[in-house]
Amino acid sequence: MVGEVNVKEKICEYLMGHEVGIIGVCGIGGVGKTTVMKHIHNELLNEASGFEKVVWVTVSHPLNVFRLQDDIAGAMNKATKKSLLDCWDELTPASRLMEAMRKVKYALILDDVWDKFTLHSIGIPEPTMENGCKIVITSRSIELCNYLRCHVVKVPPLPEQESLNLFLDKVGQDVLRIAELEEILKLMVAECAGLPLAIVVIAGSMRGVEDICEWRNALRELRQCVVDTEKDSEDEIFKRLKFSYDRLPKNSSIQECFLYCSLYPEDWEIRRKDLIEAWICEGIVENLRSRREIHDKGNAILNRLLNCCLLEEANEKACVKMHDVVRDMALRIKSTGPGRFMVKAGMRLRNIPDEDEWNEDLDKVSLMKNVMSYIPQNMSPKCLMLSTLILEGNVGLRQISECFFANMPLLKFLDLSRTGIEVLPNSICNLEYLTALILCGCEGLKRMPSLSKLKALKKLDLDGAGLREAPEGIEMLENLEYLDLSCPNLRVLPRGKISKLFRLQYLRKHRIFPFEIRGEEVAGLKMLELFECSFDLLKDFSSFVSKLNHFGRPSHYSIKVGHTDEDDEGYFWKFNNYDLPKLVILLRCVIGEEDELVFPDDLQDLRIKHCIAVGAISIFQKDFTQLRTCALKCCQGIECVVSLSSSSSTSLTVMNNLEVLNLDHLFSLRDVVKVEKTRASLAPTISPHIFSNLK
């Protein structure tokens with residue numbers, strides 16, 4: 001676009017020239033400052049720009065000196081970051097960062113700066129003609145840029161025709177087929193005031209609308225939103241973005257799902273599956289017949305928000321993120337009235353907010369990704385309506401006092417994951433409405449109180465927790481639907497604990513961890529959909545498979561058989577992906593010693609390594625029509641892969657969906673496929689379509 005190109009050319013001219021060292025890119029929120037600088041940043045990385053280091057840092061608001069220093073040091077190199085981690089006051093890190101940055105010719109882009117600071121206080125060397133370094137600051141404040149002695153480049157709103165082109169690009173060119181819409185389109189674009197973010201979001205909210213009455217009504221509502229808005233104020237963008245939010249269906253959960261995304265730190269890439277799981281725990285997404293259906297519903301909501309441009313795709317579509325101005329709008333919506341949010345996520349806070357900030361009408365509090373290490377012993381915030389508390393990522397937080405949860409009677413969602421918590425307070429037992437307790441990554445966790453009173457609990461995530469014993473009372477959690485017991489130090493799970501959890505849909509105990517879940521306990525869980533575990537003995541696995549054929553099997557599973565901590569080539573995931581294959585891994589097993597080798601009928605991926613077969617063993621005694629991948633490696637005694645019987649009236653089809661067959665170091669192998677003659681057959685008849693889909 002012409003306006004963007006002119007600004008971009010001017011900034012590039014200053015970057016490549018010698019006269020300007022610090023450039024301030026200014027404009028109101030949503031005008032396109034970050035977009036322009038992202039283009040320039042990518043060009044500096046891809047071209048021979050002459051800079052040894054090109055560094056992009058998004059600056060937190062309010063400014064956190066330690067975080068800014070840490071982010072710059074991390075972008076410079078690991079040694080610089082390690083040097084800063086060894087410092088304990090504000091002056092020493094600045095001097096060490098200064099020392100490191102003086103050694104390179106850098107271009108430093110500081111995006112979204114709100115607060116005043118000096119380069120010296122951070123440890124950033126002053127750009128000079130001699131060192132050739134450059135600093136670019138994007139900010140909504142010209143006053144701040146002048147304070148930092150920037151050469152200011154103002155990003156202007158888009159002109160009329162460019163605004164219209166951008167709007168049409170996002171809403172779809174098909175609207176031009178409706179002749180009556182042309183004038184309404186121009187009027188609606190004019191109401192966007194040339195702000196690219198407002199144009200994109202408003203156009204996204206109108207995508208697919210063809211009824212001229214709905215367009216006229218939308219124009220009327222947009223005009224009502226922006227009436228009496230002061231030019232160049234934050235209200236100018238906020239009211240236009242809120243118009244798109246207000247167009248989301250009010251009788252569904254989609255508005256609540258959108259607002260929930262603001263609980264994450266600014267510019268945070270949120271994993272889609274984690275976000276949907278959070279919505280499920282919060283009860284935002286309606287309960288359907290299966291967990292897969294709920295995930296499908298959650299993905300449909302995410303796609304709706306992406307299509308409306310209220311969220312952006314990130315990390316090759318595995319994640320979503322909020323534009324910082326859109327997030328500001330969401331937080332502003334939830335800053336007043338009942339159901340307020342308190343969000344101080346990713347701000348490097350060392351202390352928990354004072355008790356007077358915890359108002360009674362708070363609904364959700366997010367303090368994730370900070371560096372808090374201490375909660376005062378007598379602190380007991382009176383938050384009678386609080387439903388959600390997220391402390392995730394405060395790795396130094398080791399203790400929570402008994403009284404902290406005393407005045408949070410309606411708490412439903414508690415996330416303490418990746419904290420340093422060592423002992424959970426007994427007061428957690430009194431949270432009778434708690435539906436989700438997230439403790440994944442709590443490596444220091446040694447003890448939990450009895451969970452028997454938490455009758456409403458639906459999700460318990462202990463992935464990576466340091467527990468040595470299973471939580472007491474776990475068998476009493478009659479509504480539990482999601483259980484992750486992947487605790488590396490957990491040695492024993494008392495018999496009968498799992499079999500009582502009749503509502504379980506998701507059960508995981510990562511394959512490399514030592515304790516075993518017994519097959520007969522799992523086989524009776526009729527609602528189980530996703531299952532990952534290990535069996536020490538092959539006979540237990542075979543018994544489990546036999547019972548599955550009677551009770552019904554999970555729709556997705558990942559099972560390792562063999563008493564070993566070894567995993568198969570790092571084949572690991574946080575198992576909540578419905579697109580991953582149904583997998584069985586056999587490692588260092590003795591095959592054929594006691595029981596016949598059996599597999600689930602719907603097996604899709606089989607891996608057998610370092611096993612010993614006793615007797616003339618064949619891996620498959622029948623066809624597995626859904627098998628896609630089979631890898632047999634470094635095994636002794638395996639003489640045949642597939643052994644079948646045939647009659648004269650039967651035309652065999654064998655593994656016709658198999659795409660990958662890997663046979664490696666099988667020294668006893670004689671046949672890949674062997675067809676045994678039966679009494680009724682004169683000669684075996686083999687279909688020419690054996691392994692017909694191999695790639």
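How many nonpolar, polar and charged residues are in the lining of the largest cavity? I began the notebook with that, and the lining has 6 nonpolar, no polar and 4 charged residues by class, where Ala, Val, Leu, Ile, Met, Phe, Trp, Tyr, Cys and Pro count as nonpolar, Asp, Glu, Lys and Arg as charged, and the others, Gly among them, as polar.

I note that this is a predicted model, in which local features need pLDDT of at least 70 and side-chain atom pairs count only at pLDDT 80 or more, while totals for chains, interfaces and linings use all residues. Residues are numbered from 1 along each chain as its sequence is written, and side-chain values use heavy atoms, with hydrogens and water left out.

Cavity entry. I searched the whole structure and found 1 cavity of 30 Å³ or more, a cavity being a set of points on a 1 Å grid over the protein atoms alone where a 1.4 Å probe fits but cannot get out. The largest cavity has a volume of about 50 Å³, taken as the space filled by probe spheres set on the points, which are joined across faces, edges and corners. Its lining residues (an atom within 4 Å of a point) include C261, Y264, W268, K321 and R327.

Helix entry. I looked up helix α11 (residues 212-226) and helix α12 (residues 234-246), whose axes come within 9 Å and cross at roughly 145°; axes are lines fitted to C-alpha atoms over the stretch in contact, with angles running from 0 to 180 degrees between N-to-C directions. Helices here are DSSP runs of H or I with at least four residues, numbered from the N terminus. The contact (heavy atoms within 4.5 Å) is made by A218, E221, L222, C225 and V226 of α11 and K239, R240 and F243 of α12.

Technical notes. Helix = DSSP H or I, 4+ residues; strand = E, 2+ residues; numbered from the N terminus. 1 Å grid on protein atoms, 1.4 Å probe; cavity = no way out; pocket = protein on both sides within 12 Å on 5 of 7 lines; lining within 4 Å.
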